[in-house]
Amino acid sequence: MILVFDSGLGGLTVFREVAAALPRARYLYVADDAFFPYGGHGEAELVARVGALMGELIDAHHPDLVVIACNTASTLVLPHLRARYSVPFVGTVPAIKPACAASASKRVTVLGTEATVNREYTRALIRDFANGSDVTLVGSARLAAYAEAELNGAPVANELIVRELMPCFVDAGGRRTDTIVLACTHYPLLLDRLARLAPWPVAFIDPAPAIARRVADLSGPQAGGGASGPAGIVFTSGRSPPPALASALARFGIGA
């Protein structure tokens, strides 16, 4: 069984790709909605929270592999989890290396939560892999919550999304931003809106396909031996999804 973990519903974008790569595996999706958003908590608090919660989940569900489908948790907690537990972990980190390698204008933006873009881990990736690109860091305090609201059947006005998106677009020195790294797994949930509201066309880089390839490499092509029925889901708040969310989860192949 593969356990996919996120602070909320953003990890659904990763789950979708992993499940497509390994359709025979069994899955459990865990949303730590009782602690959402992770960006609102201190680093020591998050390390303690995720470390203890992961131990409970491993004891209860005995996963063969855990996907940490959250940039904030991965850039902070992943080393602690790997040191503490023997189960394999696959994390989610900003796709800065492939974005900078692919950029033609060498003007790249990393769009993430405030916590992710301010973390030293992210800045180290830029130092190591910018490949001559000018990289702009944009921290959004609201975009993840907007994605959650949309899934819960509460539409968000275009103007609010534009306000979060516009700092990503830089036109200076004869070069425009041509590549945006989606450094939060919630953001691909809004990808169609982001592309439609962008002032000019850019490539949005979603790390989910690369994560799915890594999970497949670790699990092997026959992982699971034949899954039946939808994946399960656990909300740490204990809530039951309202009808709009239950319908959205079903579209992802998850039974609420």
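Strand S2 (residues 27–31) and strand S11 pair in the parallel sense over four bridges; helices (H or I, at least four residues) and strands (E, at least two) are DSSP runs, numbered from the N terminus, and two strands pair if DSSP finds at least two bridges between them. Within this pairing, leucine 28 has glycine 232 of S11 as its bridge partner. The structure is a predicted model, in which local features need pLDDT of at least 70, side-chain atom pairs count only at pLDDT 80 or more, and totals for chains, interfaces and linings use all residues. Residues are numbered from 1 along each chain as its sequence is written, and side-chain values use heavy atoms, with hydrogens and water left out.

**The parallel sheet**

- The open sheet consists of five strands in the order S4-S3-S1-S2-S11, and the pairing is parallel.
- Strand S4 (89–90) and strand S11 (232–235) stand at the edges with a single partner strand each, so one side of each is left without a neighbour in the sheet.
- In general, strands of a sheet pair through backbone hydrogen bonds, either parallel or antiparallel.
- S1 and S2 pair in the parallel sense over five bridges.
- Leucine 3 has leucine 28 of S2 as its bridge partner, and phenylalanine 5 stands opposite valine 30 in S2.

- Strand S1 (residues 2–6) is mostly covered, since five of its five residues are buried; buried means under 20% relative accessible area, exposed over 50%, and partly exposed in between (1.4 Å probe, protein chains only).
- On S1, Ile2, Val4 and Asp6 lie on one side and Leu3 and Phe5 on the other, and both faces are covered.
- S2 is largely enclosed by the rest of the structure, because five of its five residues are buried.
- Tyr27, Tyr29 and Ala31 point one way from S2, whereas Leu28 and Val30 point the other way, and all are buried.

**Backbone geometry in the loops**

- Most residues other than glycine have a negative phi, and most peptide bonds are trans.
- A cis peptide bond, with omega of about -5 degrees, joins phenylalanine 36 and proline 37; proline 37 belongs to the loop between S2 and H2.
- Histidine 62 has a phi near 50 degrees, a positive value in a residue other than glycine.
- The loop between H2 and strand S3 (65–68) contains histidine 62, which counts as exposed at 59% relative accessibility.
- Lysine 106 has a positive phi of about 60 degrees although it is not a glycine.
- The position of lysine 106 is the loop between helix H4 (96–102) and strand S5 (107–113), and at 23% relative accessibility this residue counts as partly exposed.

**Helix residues and distances**

- Alanine 60 lies in helix H2 (residues 43–61) and is exposed, with a relative accessible area of 53%.
- Between alanine 60 and threonine 122 there are 33 Å in space, C-alpha to C-alpha, and the two are 62 residues apart in sequence.
- Glutamate 120 belongs to helix H6 (residues 120–129) and is partly exposed, with a relative accessible area of 44%.
- Valine 110 and glutamate 120 are 10 residues apart along the chain, and their C-alpha atoms are separated by 14 Å.

**The chain as a whole**

- The protein chain has 11 helices and 11 strands.
- For 256 residues, a compact globule would have a radius of gyration near 18 Å, and the value of 18 Å for the protein chain agrees; the radius is taken over C-alpha atoms, and the globule rule is 2.2 Å times the number of residues to the power 0.38.
- Along the principal axes, the C-alpha atoms fill a box of roughly 55 × 40 × 35 Å.
- Of the 256 residues, 51% are buried.
- Among contacts with a separation of 6 or more, 75% are between residues 24 or more positions apart, where contact means heavy atoms within 4.5 Å.
- The protein chain exposes about 11000 Å², of which carbon and sulfur atoms supply 53%; accessible areas come from the Shrake-Rupley method with a 1.4 Å probe, and for residues only the protein chains shown count as cover.
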